[in-house]
Amino acid sequence: MPSTTMTALFRHTSGESDTRATVHLDPSRRGDEVAPELYAKFGEHLYTPRNVANVLEAQVLFNPTFGAWKFGRQQYGPDGGNSTVSDPDEVADRIETYAETHGVPDADRLRAAYRDGTALWWVLYGETEAVRTSPDIGLADDRAQRFETGSTDGHDGLAQWCHLPIHRTTAFEGTVTLCAVEETPVRLAVHDVDRTDGTFGDVLAEAVVTAREEHRSVSFSLEIPEAELEASERLFGFSVTTQATDANVVIDEVCLYPDDHVSTADPEIVDLLAALNLSALRWPGGNFVSGYHWRDGVGPIEERPTRPNPAWDGLETNLFGTDEFVALCEAVGCEPMICVNAGNGTPEEAARWVEYCNGSTDTEMGALRATHGHPEPYDVTYWEVGNELYGSWQIGWTTPAGNADRYRRFTDAMEAVDDSIEVMACGNRHTDWNEPLLADLEDGDWLTDHVLVECHADSETDPVELFNAHSGFASQLRGEYEAVAADCRDAGLEDVRQAITELQLFTRFDEREGDGTNESVAAGEEIEDHRLGRETLPTNKSITEAVFDATIIHECIRSGTVDMVTHSGIGNHGGGLRKSRGRVWADPCYYGQQLGSGLVGGTPIGVDVTCHTFSTETTWGADTSRWFGELEPVTDEPAIDAMAVTDADEYDFAVVLVHRDAGAEAIDVTLSGEPLESLDTVTVDRLSAETMYDTNTLEEPERITPVTDSTAVDDGTVTVALPPYSVLRLTGDRDRTDSEADTPSNYISSKNANGSQPK
């Protein structure tokens, strides 16, 4: 629980100037050490390519298991879970959207192949009139793909368009599981592609394997000659074909990995996550976990079934399961955190998962883990019981009392296997959801919550109001978590640890009927002179998420009521990392989290801030276009947020400043106080953007990254410029030389990812 000094860590005096401010550092007021768990991440098995499939995974092919594609719809049944699109026209439109999103040049060809019995993302190759496809059954009793050829001289079979990370490597390795009516040579090849019409061109690399009557898995490797590569960003093709006459082949799965993968994970993703100094990574969901059964994702990949994603669009191939997740965490250097299926799963299933991860080889599940090549226990500490079980969208949703009952049953079963684990209850700070849980919690237990702020805006929304409503939300949130802590104390619980296991903002743009200006505001224009449009909306991909996250984590530190934050997400979901066309880059909030993690291990000290304040509308009115969701009106919030620590893990001294007022220009901030008196210079890492909607993109992956320099300390004071929409960190080390102070701090960009980050 918060110490009595925690509430005094931030003191504010209103200043008259909106261009100047002061921050005085007072080490006599001290808080509790900044926990590394406040800087963690969350990744979920979402639709392709989101978070795991084709993002965190290095595997480059879409639908490598030839699964029966699920076209999901966010309409929920009475027992939760999303529904499936079956209307042919809607399916055709969805395939068109997929093609546009992922740079596939011929949606018509995709649609035609899908209608004729070919797994989505695959098309016919060669003399297409001579190729016939049909669904079949694979080794895991899931869908496989049969193709039959006629009497032609060339190669016939299946192909798809794909993007390869040739900026990193030209060598690839893979496995294929297949069989045939009779022994048949099968070629696996990478092709050049005509980007204008999608024609599969010259073979750049190939390997030949033999399909026999029985299913078999065969490894292969491909290397593209350097001379064949004219551009690092281009479209490729991959084919599975044969020259045999009247062939009849069944392909169960074919996976293709760049040879630099890290236990099947993308090495650039691994490097970026490692540079983030993560404490923990939450997995596998999210809504997904309420329909996920962990046994599907362990063992030989050819024996793992492909399932419809239970919560989202698309498929779950189960190529990335428990063993791969733990290997990722080891490579990144963070603790694995597993959320178990408390939706349509059972306590016994969860207990077996704990035993698989933590049991010795003398146990049934520990022995199974050893047969999969991992004899040593994983020692997973954090286990969360269920995800958002209060929501009707959740598979197996329940009532507050039902949640308390499930928590008790799951905890008893899981702790019977390993009583050293830390079990986390599914909480909700809103309504009376937590009340029945309190009878089953004990001091030291965890109570989770999600902060997914959905805010609606349209062309009439004031962008300054929108930004400031988000940047001012942290104070409201602190009060809500303090209320939860008070409820726990009223129930006799003095030390329940709260965790935010999902955090991100969701800004939605609503079309206004009869408004023809929604598309008139393009990215790069000054939004102050225009109404909002889709391209000028501050989203979790933008600098706004970095500001939003920093202010919330600072309030968690000050209040002491929240001990863990697993921010959403890993890739192409929420804010974090992006991957497209084989390229990886980071969102601004990635760098914001990286700067903030410099506070870890430090002792918070008091800050006295003098600056101007901002407020938002006192009422939103009846017009739903002004709906800012759970964001309450903000009154007299300080324009600057400041968090300071001494004796952090990486620095003797660190301060993080946040510019919170979109209605103000740059602010010159003068800092003073005892921690600065022994320093000659400080290092300044500045993350800022010109607009609240600025993002990093495939074309400009490093548009918003920290800029590092050093600033002299003059008689115990230092002045820095704090631009709008910015997060700024000052650090000092009494043993650091002037030359070291000029060295860029510990952030890593997409350009120097994969082994070349600063040391």
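Reader: Let's start with Tyr 390. Buried, exposed or partly exposed?
Author: Tyr 390 has 23% relative accessibility, so it counts as partly exposed. Keep in mind that this is a predicted model.

Reader: And Trp 393, what's its relative accessibility?
Author: Trp 393 comes out at 29%, so it counts as partly exposed.

Reader: How do the rings of Tyr 390 and Trp 393 sit, and why is the pair called that?
Author: Their centres are 6.2 Å apart and the planes make an angle of 85°, so the pair is edge-to-face. Planes over 60 degrees apart get that label.

Reader: How many aromatic pairs does the structure hold?
Author: There are 24 aromatic pairs in the structure. In one of them, Trp 283 and Phe 325, the ring centres lie 4.5 Å apart with planes at 15°, so that pair is stacked.

Reader: Where in the chain do Trp 283 and Phe 325 come from?
Author: From distant parts of the chain, 42 residues apart. Trp 283 belongs to strand β16 (residues 280–283), and Phe 325 to helix α5 (residues 322–332). Both Trp 283 and Phe 325 are buried.

Reader: Which residues form an aromatic cluster with Trp 283 and Phe 325?
Author: One cluster takes in Trp 283 and Phe 325 together with Phe 288, Tyr 292, Trp 294, Phe 320, Trp 353, Tyr 356 and Trp 383.

Reader: What sits over the ring of Trp 294?
Author: The charged end of Arg 295 does, 5.6 Å from the ring centre. Elsewhere, Arg 282 lies over the face of Phe 42, 4.6 Å from the centre of that ring.

Reader: Switching to strands. What order do the five strands of the open sheet come in?
Author: The order is β6-β9-β14-β11-β12, with antiparallel pairing. At the edges are β6 (123–125) and β12 (200–211), each of which pairs on one side only. On average, neighbouring strands of the sheet are turned by 30° against each other, ignoring direction.

Reader: Remind me, through what do strands of a sheet pair?
Author: Through backbone hydrogen bonds, in a parallel or an antiparallel way.

Reader: How many bridges join β6 to β9?
Author: Three, and the two strands run antiparallel. Tyr 125 has Gly 157 in β9 as its bridge partner.

Reader: And how many join β9 to β14?
Author: Seven bridges, again in an antiparallel arrangement, with β14 spanning residues 236–242. Leu 158, for one, has Val 240 of β14 as its bridge partner.

Reader: Is β9 mostly covered or uncovered?
Author: Mostly covered: seven of its seven residues are buried.

Reader: What about β11 and β12, how many bridges there?
Author: Nine bridges join β11 (residues 184–193) to β12, and the strands run antiparallel. Leu 188 is partnered with Ala 207 in β12.

Reader: Which strands does helix α3 lie across?
Author: Helix α3 (residues 107–115) lies across β6, β9 (156–162) and β12. The helix runs at about 95° to β6.

Reader: Last one, Ile 269. Which helix is it in?
Author: Ile 269 is part of helix α4, residues 267–275. Its relative accessibility is 1%, so it counts as buried.

Reader: What's Ile 269 in contact with, leaving aside neighbours within four places in sequence?
Author: Val 55, Leu 56, Ile 570, Leu 577 and Val 584.

Reader: And how far is Ile 269 from Cys 339 in space?
Author: They are 22 Å apart, C-alpha to C-alpha, and 70 residues apart in sequence.

How values were computed
Residues numbered from 1 in each chain as written. Predicted model: local features only at pLDDT ≥ 70, side-chain atom pairs only at ≥ 80, totals over all residues. Heavy atoms only, no water. Helix = DSSP H or I, 4+ residues; strand = E, 2+ residues; numbered from the N terminus. Buried < 20%, exposed > 50% of the residue type's maximum accessible area, 1.4 Å probe, protein only. Contact = heavy atoms within 4.5 Å. Pairing = 2+ DSSP bridges. Axes fitted to C-alpha atoms, helices over the stretch in contact; angles between N-to-C directions. Phe/Tyr/Trp six-rings, centres within 6.5 Å; stacked < 30°, edge-to-face > 60°. Lys NZ or Arg CZ within 6 Å of the ring centre and 35° of its normal.
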